[in-house]
Amino acid sequence: MANDTKLTPDVDQPPVDKVRTGSTNALADEPWRGVWRDILGGSFARSFIAIVIALFIGLLIAVFTDPDVQGTLGYVFAAPQHFFQAAGTLIGDAVQALINGAIYNPKRGFLPLLTTLQWATPLIAAGLGLGIAFRAGLFNIGGQGQLLVGAFFAAYVGSNWALPPVLHLVVTIIIAILAASMWAAIVGWLKAQTGAHEVILTIMFNWIAYWGVTYLLKQQPFQAENAPGYSKSKAILETARFPEIAGVFGTGVVVVILAAVAYWWIMDRSTIGFQIRAVGINPNAAKTAGINVKLVTVLTMALSGGFIGIAAATQTLEVHPTGIEPSVDAGIGFDAITVALLGGNNPIGIIFAALLFGALKAGCRLDGGQRRCAEGHHPGDPGPHRALRRRPEVPRLPAEAHGHPTRRPTVGAQAGFGGVTMTNDQLTRAEAAPAGSETLAPRKLKTPILLAVFSLIALLAFVFTVGDQSTQIDISNRGGTIQLDPLVFPTMLTNAVLTVGMVVLTVFAFLRSLARQPVPIWVTAVFAALWAIALIIWVGAGANVPLAWLLTGTLALSTPIVFGSMAGLVAERSGVVNIAIEGQLLSGAFASALVASLTNSWVAGLVAAIVAGVLISAILALFSITYWVEQVVVGVVINMIVLGLTDFLYSGLMSSDPQRYNSPDRYPTWSIPGLSEIPVLGPLLFSNTIVVYALFLLVPFMVFMLFNSKWGIRTRAVGEHPKAADTVGINVNATRWRNVLLSGAIAGFGGSYYTLGLVGAFGSEVTSGQGYIALAALIFGRWHPVYATLAAILFGFASNFRTLASQVGADLPTELMAMVPYIVTVFAVVGFVGQSRAPAASGTPYITQGR
């Protein structure tokens, strides 16, 4: 491995393919940036400081949310000693409870240490799996779904196959590894073949796995005999369980330690490990050196899933031997992300990080579930299933050295680049033209092939499966003054006509692709509309479909997704990937509910939501723009922090007094007299809350501002050509900061709709991963406001379809219907988008001299 060191970057310097530099002396000019990179770079010092800071912040939150401490704040200046005594007592009790629950207890001896090890065991395996993906530059946050799939197959083999004791255990572990590995490899293959982002894919696959396993565990031969109607597997046979030592200590940790050794050998001593590290450092250089980057991507994801499969085996065969439920993950899939990052993707570091997490969780367990303990669950308990909650029923790069003098000419309706003046229209064409566009473009048949597949599905399912039935479409408003007779459509004939339209669009798409021309996005939009109408007609066969309710429900579920997409658009058009949309939506939802409850004013709640979104986006901007930290990593970590913090405050603060803290004043519905009575269109367009009316204005406003204003030209210039924008005097990073803050304000605004509009109260993880769906809608819409909005509406319809199916009496499993929006998202990101070109500088930090 003589060339190995050449591909390994110096940890004291930013990776050369990750930043766009404006000065070769940038780190020397601003030494604090180098310090921050050291802290966030994976060293032991980084991990230690991160742990200390996290514990300090956790204790700080616990102190100021404790009722006894809060009672002393009223007279803190008169008698400060009372505050410090109460805070000190709380901290001392918490530390003592942690020690008693995780290490040593006078009554139980060192048995709590075994609980810590039991918690740490699956975290080590899952952390190793995610760590190997991170080493390849793949941000696999699908540990939950991969663990669920592995646990499901392990439970089936462990409970149904009759094999000799040792052989049965070995075979079950192998099956769990293979199942999780295959589930992860699917994401790797889609990533390699289409260029779709693995963050979105893995999140969607988490939800698909959750609902799929929930459905299958209710079916034979998977369901337990004593659990009719519940999603629970049969008990694991004794021959497939991990043996215990002294009846209290499982031996699954032995398998995990062997997995850590295997991880070390793979990454440091094998050819595939070298290739993984090479691709992670610089995929372009790796490809030039003859490494098959696509194959390495698939293999890396398969290896990642395999290690997570070991975690699934320990959870199934050791922690849940009486049968698994969909909550078997217990948050391990997401905790493992922090374990891998905190451990620096090193096996020894991951082991110690997992032990730390295990100690924290075991300490919380003994503390009796008091509010100072955020988790309070045992690995054998269902636990907090962090990203897999039920949704509300109503919802790399070249290094360049280019220092420039500071010049700030006025940039109006045109922008200059390197002495060449470009108009707004020319800039738009430059954005759309890929590098090397003068060469003959390849034929891209992916979109027409998928259209053909969906046309065939429509023909076979929506036409041939219905008999002589009719579908009634109710076009009257419920309780409205204008009542009209329903429209009646013959189901088979109507769907046949719609299918013919789909076939025509498919043929047109094939002709465009064969002529090496891109398929217009309107083709996909019209096709999706026809397919959705055919689906409605099919589901409503022999029943009455309330059209006004269907459209208003779709709009309601689409609204926060549209706001999330617009938030992502503003940030990414300026070159910053905003993965933190989920956290911004969630923080807006929480802040609006809390403040509106305390003030009894929805206006105050709305303002609080916007402020919360801006604060979260400021964290994203600080680390990704100012300190050049990987934007995707920062975004996902922010989402995890917001998720954990809002869960803690919800269970500890809101749940203690919901009347005071979680009964917000909701948005009023403003109906326009006369217009609101129009059938179908009235309640859809003229009887809404302030958020929906703002949505109607936001999208056209974004179109105008992005393509016809000075701000829009500067934003697009910074996102496409930051070096050229810097040359003409545009402050690249200041522009990005402003746009990211604006992005947070938009997302916070949309997040308030969950609590002040849809639900009427805050609930744990009320956003249900829709921030990621909003990002998928943005990609599906090719970073255009109108197209992204249409994509968001499609996802809103997919979410509302489950409720429609149950309302019209369709005999369709609820769990399978819940999978629809996530499957649609996968098809959208992979099938119809794939390698759609994002803004050229998206995800690339920009370093300038004297900033």
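# Briefing on a predicted helical model

Serine 624 is buried, its relative accessible area being 1%. This residue is found in helix α22, and the model in which it sits is a predicted one.

- Beyond residues up to four places away in sequence, serine 624 touches Val576, Val629, Gln631 and Pro845.
- The side chain of serine 624 also reaches the backbone oxygen of leucine 620, at 2.4 Å.
- Glycine 635 is 11 residues from serine 624 in sequence, and the two C-alpha atoms are 8.9 Å apart in space.
- Helix α22 covers residues 602–626, which amounts to 25 residues.
- From its first C-alpha to its last, α22 reaches 35 Å, close to the 36 Å expected at 1.5 Å a residue.
- At the start of α22, serine 601 places a side-chain oxygen within 3.3 Å of the backbone nitrogen of valine 603.
- Just after α22, tryptophan 628 takes a positive phi of about 60°.

**Helices α19 and α31**

- Two packed helices are described by the angle between their axes and the distance between the axes.
- For helix α19 (residues 521–539) and helix α31 (residues 785–807), the axes come within 11 Å and cross at roughly 10°.
- That angle makes α19 roughly parallel to α31, because angles under 35 degrees count as roughly parallel.
- On the α19 side, the residues that meet α31 are Ile521, Ala528, Ala532, Leu535, Ile536 and Val539.
- Their counterparts in α31 are Tyr787, Leu794, Phe797, Phe801, Leu804 and Ala805.
- By residue type, this contact of α19 with α31 consists of 12 nonpolar residues, with no polar and no charged ones.
- Threonine 789 also lies in helix α31, and at 13% relative accessibility it counts as buried.
- Leaving aside neighbours within four places in sequence, threonine 789 is in contact with Val562, Met566 and Val699.

**Helices α10 and α11**

- Helix α10 (residues 252–269) packs with α11 at an angle of about 70°, and the two axes are 5 Å apart.
- This makes α10 roughly perpendicular to α11, because the range from 65 to 115 degrees counts as roughly perpendicular.
- Ile266, Met267, Asp268 and Arg269 in α10 meet a set of α11 residues made up of Thr271, Ile272, Gly273, Phe274, Ile276 and Arg277.
- The residues of the contact of α10 with α11 divide into 5 nonpolar, 2 polar and 3 charged.
- Helix α11 spans residues 271–281 and includes alanine 278, which is buried with a relative accessible area of 1%.
- Alanine 278 and isoleucine 291 are 13 residues apart along the chain, with 8.7 Å between their C-alpha atoms.

**Helix α13**

- Helix α13 comprises the 27 residues 293–319.
- At 1.5 Å a residue, α13 should span 39 Å, and its end C-alpha atoms are 38 Å apart, which agrees.
- Of the 27 residues of α13, 22 are buried, so this helix is largely enclosed by the rest of the structure.
- Asparagine 292 caps the N-terminal end of α13, with a side-chain oxygen 3.3 Å from the backbone nitrogen of lysine 294.

**Residues in loops**

- The peptide bond from glutamine 220 to proline 221 is cis, with omega near 10°.
- Proline 221 has its place in the loop between α9 (198–216) and β2 (244–245).
- Asparagine 345 is a residue other than glycine with a positive phi, near 60°.
- The loop that holds asparagine 345 runs between α14 (332–342) and α15 (347–366).
- With a relative accessible area of 14%, asparagine 345 is buried, because buried means under 20% relative accessible area.
- Arginine 516, which is likewise not glycine, has a positive phi near 60°.
- Arginine 516 is located in the loop between α18 (491–514) and α19.
- The relative accessible area of arginine 516 is 31%, and this residue is partly exposed.

Key. Residues numbered from 1 in each chain as written. Predicted model: local features only at pLDDT ≥ 70, side-chain atom pairs only at ≥ 80, totals over all residues. Heavy atoms only, no water. Axes fitted to C-alpha atoms, helices over the stretch in contact; angles between N-to-C directions. Helix = DSSP H or I, 4+ residues; strand = E, 2+ residues; numbered from the N terminus. Parallel < 35°, antiparallel > 145°, perpendicular 65-115°, else oblique. Contact = heavy atoms within 4.5 Å. Nonpolar A, V, L, I, M, F, W, Y, C, P; charged D, E, K, R; others polar. Expected span 1.5 Å × (residues − 1). Polar contact = N/O pair within 3.5 Å; in protein donor to acceptor, adjacent residues only side chain to side chain. Buried < 20%, exposed > 50% of the residue type's maximum accessible area, 1.4 Å probe, protein only.
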